[in-house]
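Colleague: Could you walk me through this model before I start reading it on my own?

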Amino acid sequence: MDHPSGQVAIDVPNDSIEPMKTLSVPDLSNSRNSSPRLSLDSDVSSAENVSSTTSTFTLSNGSNGSHRTSFLAEVVNLTEKSGPVSCSLVWNNLTYSVESQRWKSNGISMQRQTTRKVIFQNLNGEARSGSLTAVIGQSGVGKSSLLESLAGRRKKGLKGEAYLKVSGLCGTKSNNNNTSLLSFIPQKDSHLPCLTVGETLLFASRLKNYDQARRIMRDCDRGSEMKINQSWKFCSELDYHNFLIRQLQKDLCLESCWDVKVSRCSGGELKRLSMAVELVSNPKMIILDEPTTGLDSMSAYHCIEVLNCLTEMNSPPGIVISIHQPSSDLLNLFHNVYVIGAGGRCIYNGPTDKLVGHLADKGLCCPLYYNPAEFIIQVASGAFGEKMLTILAESSAHHQHHRHSHTPSDRYHEDQCDRIDVKKLFEQTNSKRHPTFHHIWLLLQRSWKISIRQPMMTWLRLSQYLLVGLILSFLHSYKIGELDGCYTDVIQGATSFSASENYGQLLARINDNTATIYFALMFLVGAAIVPTVLTFPTEVTVMVNERHNGWYSNFSYFFAKMTAELPLTMALPLMFCGIFYYLTGQIGEWWRFGMFTTVIILLSIIGQNIGLIMGAIFVGDPASAVFMAFSTLCPIFLVGGFLLRESILVWFLRPLWYASYVRYGFASIIASLYGFGRCSSEYKSTVQKSILPRLSELIQDEEFGCVYDQYQLNSECFDGVMRECNTTVDSLYRLGVGQQEAKFTEEMNQYDGSFVMSYYEVNDSHFVFNIVVLVVYCLILLSINYWILLYKVKRRVKK
């Protein structure tokens, strides 16, 4: 049926289409006024059957300005009781430059030279509510820099002013209003890959719209009805959030990927998802940096068409987009075009349908059937000469000044609107108060979902801990942890010197246990570093974008992230310890197992924090993050107490020795396994009464004395003996035993009669101190990680 208004109405029966399906029919017309407008009217009856709707699709021309009953119109009816809010983004004399420094030799000395490059200069413009503006220009002219400056994300090197003119707030403070005024969507889509599209939107709504949801629930409790087309009653806050995201599902055509993980979505679906997570808070000004990059022509057309439809709703937002060489059909969807020429100057700022005529007035005639977007980019690149660029820039500046000087009726009166600087607005967005405990709980749920669904973080780590624990447990043909490692075992084994069990075999078995434990420490620290250093950079990128758009506070994210990682960080080492401790035959006392496990868990937490720090530092370079993380492990394990001991340590390694967390962990494990009375007083008495008198007989054998020196039974006691290995027996006895017997007894008491503790110079009285040092290490690394995240968030603004 034809209508006088030029509209063509197409009635589609319910049984002929799929539920919640949005259709779009592209018009290949070159006229802006005849470009298609997609209109959808939907009725929602209840939260449970939100997907069952009656739909009417309408194609109308742009002159009629059809209004869709969709998400933005409905959320305005719900949340904006004070009336619609209109917003304008204005920038005046905006200039941005960057400094670069390099060292240059003058033949005698090196001097640092600073050069300044102007990206764009003296830009003026305005984007109003209900308008879709395209920023066009060749690569490198500063389109992305301009949009980031308009969003308040660039400060250093920026001159001029950019601000929002807002009317309709009715005296409310914008920074306390949960409704976002300005949202910036970067070129690179940053989402958590393990969440589905629906879950991503649900978490976004629950994090950003908590205030509206609570207010609406209070109104429902008071008996007031919420009517959206049909009567709709929200039974809980979750119903409200589900309603919002279902509206976005229909508006942005996300039905086909609703239950699909973000990592499996196409490029067009990711772009629409990026829009949806910001539209969920009903922003009044949206800035998108090249949303069509990487998309095919039809996906790009649909993406811009969706944005065009958003500008035709009740209380529409203003939208500014940077775009690369759009097609003529795509260009027709924009209301205004802002062209930046070579040198960073604006050469056109006005309606799309007047672009070709404006160029023709300047003597630049666009060929017939030629894409106007391609033609203006050729002009902007300087293909028609620098003089022509200067003429166009002067004409644009004059037109901008003329419009602001002679059309006061189109300007906002200062007494009727608020003027908010974009830099100040950005600071207010990042510093506004959030419900800390509510956000921590939501972010905990999100982090737990990610940890469970991420193969590297869960299932691969689980299989890795299980496999390595079994391999180390069955690496030897005997249980390496059965020997007590006492002096009596070592010396009595040396005196017996039988074929079945000799001194060297005894010491080798003790060394097998300590070496395996040390390797296990290396594995546990490395296994805690690798997954976090590979996966955390993705989360940091998402966190920075969400923080800049005011989703939550830094503390809420960091506390939730660390808390969510803690159960898995503790459970996997505990499982490893249970396997390794029992199968290797370590001493069967539960309190020793608890001490052993505590040290292992603390070292795993330290390793995880190192991975988080490296992942946060090298956000865009995971390979460098892995390299640097393992580079820090090499010197730490070198002075970890197994390869080197304090008594034989060179002086320049002592600072690293005291800073090595592995040393404190290894010493604590040796003390928990071999200290605390494992070699009892009976062993001491046996050594004093029967073993020491027989040492003179042992020293007679020169070759046997060299064995003592190799394993350093008691280096401080027998150093003199070993140096005089070729002297007489009387001299050996006088130097080695007769004069050092009292000192040997005192030292044996110091190390609790344990040969292992004496060899590694470990005292069980230092166990508590070592544990405290490891805990302090964890806290320091957590603090460093937190401040690095804060720095990353701020650095993205000051660049």
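**Asn282 and the rest of the model**

Modeller: Asn282, at 3% relative accessibility, counts as buried, because buried means under 20% relative accessible area, exposed over 50% and partly exposed in between, with a 1.4 Å probe and protein chains only. This is a predicted model, in which local features need pLDDT of at least 70, side-chain atom pairs count only at pLDDT 80 or more, and totals for chains, interfaces and linings use all residues. Residues are numbered from 1 along each chain as its sequence is written, and side-chain values use heavy atoms, with hydrogens and water left out.

Colleague: Where is Asn282 found?

Modeller: Asn282 is in the loop between helix H6 (267–279) and strand S11 (285–289), and it has a positive phi of about 55° although it is not a glycine. Helices (H or I, at least four residues) and strands (E, at least two) are DSSP runs, numbered from the N terminus.

Colleague: OK, and Glu761, is that buried or partly exposed?

Modeller: Glu761 counts as partly exposed, at 28% relative accessibility. It sits in the loop between helix H28 (755–759) and helix H29 (767–798), and its phi is also positive, near 55°, in a residue other than glycine.

Colleague: Zooming out, how many helices and strands does the protein have?

Modeller: There are 29 helices and 15 strands in the protein, and 54% of its 799 residues are buried. Among the contacts with a separation of 6 or more, 79% are between residues 24 or more positions apart, where contact means heavy atoms within 4.5 Å.

Colleague: New topic: what does Lys362 touch?

Modeller: Leaving aside neighbours within four places in sequence, Lys362 is in contact with Met388, Ile391, Leu392 and Ser395. The C-alpha atoms of Lys362 and Leu392 are separated by 7.8 Å, and these two residues are 30 residues apart along the chain. Lys362 lies in the loop between helix H9 (355–361) and helix H10 (372–380), and at 30% relative accessibility it counts as partly exposed.

Colleague: Now helix packing, how is that described?

Modeller: Two packed helices are described by the angle between their axes and the distance between the axes. The axes are lines fitted to C-alpha atoms, for helices over the stretch in contact, and angles run from 0 to 180 degrees between N-to-C directions. The axes of helix H3 (residues 197–208) and helix H13 (residues 436–453) come within 10 Å and cross at roughly 165°. That makes H3 roughly antiparallel to H13, since angles over 145 degrees count as roughly antiparallel, under 35 as roughly parallel, 65 to 115 as roughly perpendicular and the rest as oblique.

Colleague: Which residues meet there?

Modeller: Glu199, Phe203, Arg206 and Leu207 in H3 meet residues of H13 including His438, Leu442 and Arg453.

Colleague: And what about H13 with H17?

Modeller: H13 and helix H17 (residues 554–583) pack at an angle of about 40°, with their axes 8 Å apart, and they are therefore oblique to each other.

Colleague: Last one, what span should helix H5 have?

Modeller: At 1.5 Å a residue, the 15 residues of H5 (residues 237–251) should span 21 Å, and the end C-alpha atoms are 22 Å apart, which agrees; the expected span is 1.5 Å times one less than the number of residues. H5 is mostly covered, with eleven of its 15 residues buried, among them Tyr240, Phe243 and Leu248. After H5 comes Cys253, whose phi is positive, near 55°.
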